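I begin with the terms and then go through what I looked up.

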Number of protein chains: 2
Amino acid sequence: MSSFIQTLNDAWQRTNSLLCVGLDPEPTKFPGALANRPDAIFEFCRTIVDATAPYASSFKPQIAYFAAHRAEDQLEQLIAHIHAHHPGLPVILDAKRGDIGSTAEQYAREAFDRYRADAVTVNPYMGFDSIQPYLEHAGKGVIVLCRTSNAGGSDLQFLETGGRPLYQVVAQLAAEKWNASGELGLVVGATFPKEIEVVRGMVGDMPLLIPGIGAQGGDVEATVRAGRTAANTGMLINSSRAIIYAGKGDDFADAAARAARETRDRINQYR
Amino acid sequence: MSSFIQTLNDAWQRTNSLLCVGLDPEPTKFPGALANRPDAIFEFCRTIVDATAPYASSFKPQIAYFAAHRAEDQLEQLIAHIHAHHPGLPVILDAKRGDIGSTAEQYAREAFDRYRADAVTVNPYMGFDSIQPYLEHAGKGVIVLCRTSNAGGSDLQFLETGGRPLYQVVAQLAAEKWNASGELGLVVGATFPKEIEVVRGMVGDMPLLIPGIGAQGGDVEATVRAGRTAANTGMLINSSRAIIYAGKGDDFADAAARAARETRDRINQYR
């Protein structure tokens with residue numbers, strides 16, 4: 001049986017890349033040639049995936065962008081395409097779900113049975129019994145929000161509790177109590193490299209999904225130095241908009257490939 | 001333009017009910033007559049809605065149960081049916097979304113433009129900029145998780161910060177900083193009536209969505225006494241499984257109506 005962590009480790013080694021390409025499709029930003037296709041969202045993402053796969057070690061579709069456009073079927077198609085044409089590159093469904101156990105079971109079915117994602121992002125606010133149902137899907141990854149990349153993340157995550165900020169409590173729970181499956185990861189934003197360093201010190205080799213290096217302005221060098229493991233991996237460094245909208249015209253695939261290659265290289269420069 | 005809060009206040013007065021019927025459809029629990037229908041999820045929920053509407057002041061479909069079964073179209077149909085056949089009863093989409101602003105905009109479109117919900121539940125872990133995009137949909141309600149009904153809720157929500165538990169910080173932020181639109185509500189579980197009382201003391205007449213009186217075992221009397229406002233309303237007291245699965249046979253609609261009426265009456269007994 002395949003395991004998310006094993007697949008991820010293999011992908012990091014094989015591709016020599018820590019880049020996770022985020023797929024946030026917005027039809028208003030698509031090049032004209034796609035505009036009138038009924039499957040424009042799938043076609044745009046598929047083209048981006050095929051162009052950037054040589055430079056990436058994972059993909060992260062953000063489900064909100066599909067749901068807002070009634071395009072769940074295109075998300076299914078897209079993930080099936082990645083598995084079929086780029087085997088070994090794990091797919092993280094960015095959904096940030098969080099609900100009581102009985103409902104979490106349904107969300108886990110959505111992520112793993114329906115969409116066939118290798119991992120899903122989840123929100124820790126409702127505690128461990130809201131996360132456990134995902135862990136029962138053997139070999140599937142669960143990536144818990146810890147220190148998010150947005151400014152508002154500080155509203156709660158930076159509150160002091162027991163002498164340290166809340167996000168560190170989440171990191172400790174994840175490292176010491178919640179990771180019985182061994183398939184857990186954490187989200188820590190590239191906009192907060194000091195916090196990446198603290199979290200890395202608390203969680204051993206646990207994978208960190210790190211958004212925020214592209215449009216959100218995070219520092220690549222500081223991120224890599226703060227987040228790498230002894231094996232010089234351990235990070236899914238995500239860029240979405242800066243890659244997928246690197247070009248606006250019909251050369252968007254070439255522009256995305258170039259941006260992905262440059263981002264991979266910029267990350268590797270500091271490893 | 002309609003406002004969630006105004007619609008809700010009108011519904012409480014007109015129906016003399018604080019009951020919110022939760023719609024968590026699980027096909028394995030449906031009566032045999034529905035089993036082979038391709039639109040079984042819609043048909044089950046529509047039947048429940050029509051049977052319980054005389055005793056309810058709102059409905060709360062839980063999106064996970066639709067998403068796990070690729071039944072988003074049936075969720076759209078269901079909400080359209082409620083608006084068309086039971087006008088004035090607000091629909092709360094229970095989605096518990098939470099993401100950075102640009103993604104939250106997409107989730108807000110999903111909830112309000114696509115599904116035409118009157119309100120949506122959201123998670124506060126990512127802070128105010130993850131909630132603001134929903135508030136920009138004028139007249140739409142946003143119900144923020146505060147003290148959830150599950151046991152694991154205590155893992156984070158009960159941590160002390162600045163001399164009080166985290167859920168109280170969320171209540172205070174909601175009351176004092178986040179409610180510029182006047183359309184905010186909070187989720188506080190019926191399994192924690194003392195916390196309902198504390199939150200009510202902090203947030204004035206803000207509506208409280210209170211799950212947990214049915215299958216989860218919350219105390220109706222304690223809930224009502226803790227949560228009512230001066231106008232003797234202020235609560236969306238939710239019951240899902242105890243109503244919709246009250247009967248297992250082809251009389252499920254009658255059984256649900258009976259359970260809804262009894263729940264409404266039990267609530268009103270303590271108002």
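I call a residue buried when its relative accessible area is under 20%, exposed when it is over 50%, and partly exposed in between, using a 1.4 Å probe and protein chains only. The model is predicted, so that local features need pLDDT of at least 70 and side-chain atom pairs count only at pLDDT 80 or more, while totals for chains, interfaces and linings use all residues. Residues are numbered from 1 along each chain as its sequence is written, chains are lettered from A and ligands numbered from 1 in the order in which they are written, and side-chain values use heavy atoms, with hydrogens and water left out.

**Entry 1: helix H8 of chain B**

I looked up which residues of H8(B) are buried, and found Leu166(B), Tyr167(B), Gln168(B), Val169(B), Val170(B), Ala171(B), Leu173(B) and Ala174(B). Helices here are DSSP runs of H or I with at least four residues, strands are runs of E with at least two, and both are numbered from the N terminus. Because eight of the 11 residues of this helix (residues 166-176) are buried, I noted H8(B) as largely enclosed by the rest of the structure.

**Entry 2: chain A as a whole**

I counted 12 helices and 10 strands in chain A. The radius of gyration is taken over C-alpha atoms, and the globule rule is 2.2 Å times the number of residues to the power 0.38. For 271 residues a compact globule would come near 18 Å, and chain A, with 18 Å, agrees. Along the principal axes, the C-alpha atoms of chain A fill a box of roughly 55 × 45 × 35 Å, and 64% of the 271 residues count as buried. Taking contact as heavy atoms within 4.5 Å, I found that residues 24 or more positions apart account for 72% of the contacts in chain A with a separation of 6 or more.

**Entry 3: H8 against H9 in chain A**

I fitted axes as lines to C-alpha atoms, for helices over the stretch in contact, with angles running from 0 to 180 degrees between N-to-C directions. Helix H8 (residues 166-176) and helix H9 (residues 193-203) of chain A pack with their axes 9 Å apart and at an angle of about 25°. Angles under 35 degrees count as roughly parallel, over 145 as roughly antiparallel, 65 to 115 as roughly perpendicular and the rest as oblique, and H8(A) and H9(A) are therefore roughly parallel to each other. On the H8(A) side I listed Tyr167(A), Gln168(A), Ala171(A), Gln172(A) and Ala175(A), which meet Glu195(A), Val198(A), Val199(A), Met202(A) and Val203(A) in H9(A).

Lys60(A) lies in strand E2 (residues 58-61) of chain A and counts as buried at 5% relative accessibility. Leaving out residues up to four places away in sequence, I found that Lys60(A) touches several residues, among them Cys20(A), Asp94(A) and Ser240(A).

Lys96(B), in strand E3 (residues 92-97) of chain B, is buried too, with a relative accessible area of 7%, and its phi is near 50°, a positive value in a residue other than glycine. Most residues other than glycine have a negative phi.

Arg116(B) has a positive phi as well, near 60°, but sits in the loop between helix H5 (101-114) and strand E4 (119-122) of chain B and counts as exposed at 53% relative accessibility.

Lys248(B), in the loop between helix H11 (241-244) and helix H12 (252-269) of chain B, is exposed at 70%. From C-alpha to C-alpha, Lys248(B) and Pro31(B) are 5.8 Å apart in space, although 217 residues apart in sequence.
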